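Good morning, and thank you for making time for this item.

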Amino acid sequence: MTTCSKILSKTDTSKALSLPTKFFKYSLPSFNGGHAVSFQAMDESTGFVWTFQCSTRKKGHPKPVLSRGWLAFVRSKKLKVGDKIKLTVLDPTAAVPSYRVRAEKEVKIFGAIFGYSPIIIAPSIP
């Protein structure tokens, strides 16, 4: 099992989710010479299956980002800067790996971040 977690930035909540190259290199299906690949991830809190697209730049540093499907997830979960996302690959060596995604809100007490709590909001897909 491989997990990547990230505290969300403004770019993550308004454009695309940028995650470490190392995570994608060993955890996503092959790009097969292209620069984009789609995969599905089950929301740990609702069981809903989201489809995301991971893409890399065609030129320069090939930093991978989740683009297609990501902003719908952000809106559905009402994510903000400072919230946390966890993306897990249950068996990265499987022929068809299984992915999970989890969104967490900051829990603040007297203005200090105390921890994070799972967001249990079912998606509202039109």
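Predicted model: local features only at pLDDT ≥ 70, side-chain atom pairs only at ≥ 80, totals over all residues.

**Charged pairs and their surroundings**

Let me start with K77 and D43, which form a salt bridge whose closest N and O atoms are 2.6 Å apart. Because K77 belongs to helix 3 and D43 to strand 3, this pair ties together parts that are 34 residues apart in sequence. By salt bridge I mean a side-chain nitrogen of Lys or Arg within 4 Å of a carboxyl oxygen of Asp or Glu. Helices (H or I, at least four residues) and strands (E, at least two) are DSSP runs, numbered from the N terminus.

Residues are numbered from 1 along each chain as its sequence is written, and side-chain values use heavy atoms, with hydrogens and water left out.

D43 sits in strand 3, which covers residues 36–43. Which residues does D43 touch, leaving aside neighbours within four places in sequence? They are F48, W50, F73, K77 and V101, where contact means heavy atoms within 4.5 Å.

Helix 3 itself spans residues 70–77, and its buried residues are W70, F73, V74, S76 and K77. These five cover an arc of only 165° around the axis, which puts them on the same side of helix 3; the arc is that of the directions from the helix axis to the C-beta atoms. Just after helix 3, K78 adopts a positive phi of about 55°.

I turn now to the remaining pairs that I wish to show. A search of the whole structure finds six salt bridges. In one of them, the side chains of E44 and R102 meet at 3.6 Å, N to O. E44 lies in the loop between strand 3 and strand 4, and R102 in strand 7 (residues 99–109), so this pair ties together parts that are 58 residues apart in sequence. Both partners are partly exposed: E44 has a relative accessibility of 38%, and R102 has 25%.

Another bridge joins the side chains of K105 and D83, at 3.0 Å from N to O. Here K105 is in strand 7 and D83 is in the loop between helix 3 and strand 6 (84–89), so parts 22 residues apart in sequence are tied together. K105 is partly exposed at 21%, whereas D83 counts as buried at 3%. Salt bridges that share partners also join E44, K86, R102 and E104 into one network.

G47 is placed between strand 3 and strand 4 (49–55) and is partly exposed, at 38% relative accessibility. Its C-alpha atom is separated by 9.8 Å from that of V101, 54 residues away along the chain.

**Overall arrangement and surface**

How many helices and strands does the protein have? There are three helices and eight strands, and from the N terminus on they run β-α-β-α-β-β-β-α-β-β-β. Of its 126 residues, 35% count as buried. Among contacts with a separation of 6 or more, 52% come from residues 24 or more positions apart.

On cysteines, C4 is buried at 9% relative accessibility and C54 is buried at 0%. The structure holds zero disulfides, a disulfide being a pair of cysteine sulfur atoms within 2.5 Å.

Finally, the surface. The protein exposes about 7,500 Å², of which carbon and sulfur atoms supply 57%. Accessible areas come from the Shrake-Rupley method with a 1.4 Å probe, and for residues only the protein chains shown count as cover. I109, F110 and F114 form a nonpolar surface patch, with about 440 Å² of accessible area together. Patches are made of residues with over 30% relative accessible area and no salt bridge, like charges being joined within 9 Å and nonpolar side chains (Val, Leu, Ile, Met, Phe, Trp, Tyr) within 5 Å.

How values were computed. Buried < 20%, exposed > 50% of the residue type's maximum accessible area, 1.4 Å probe, protein only.
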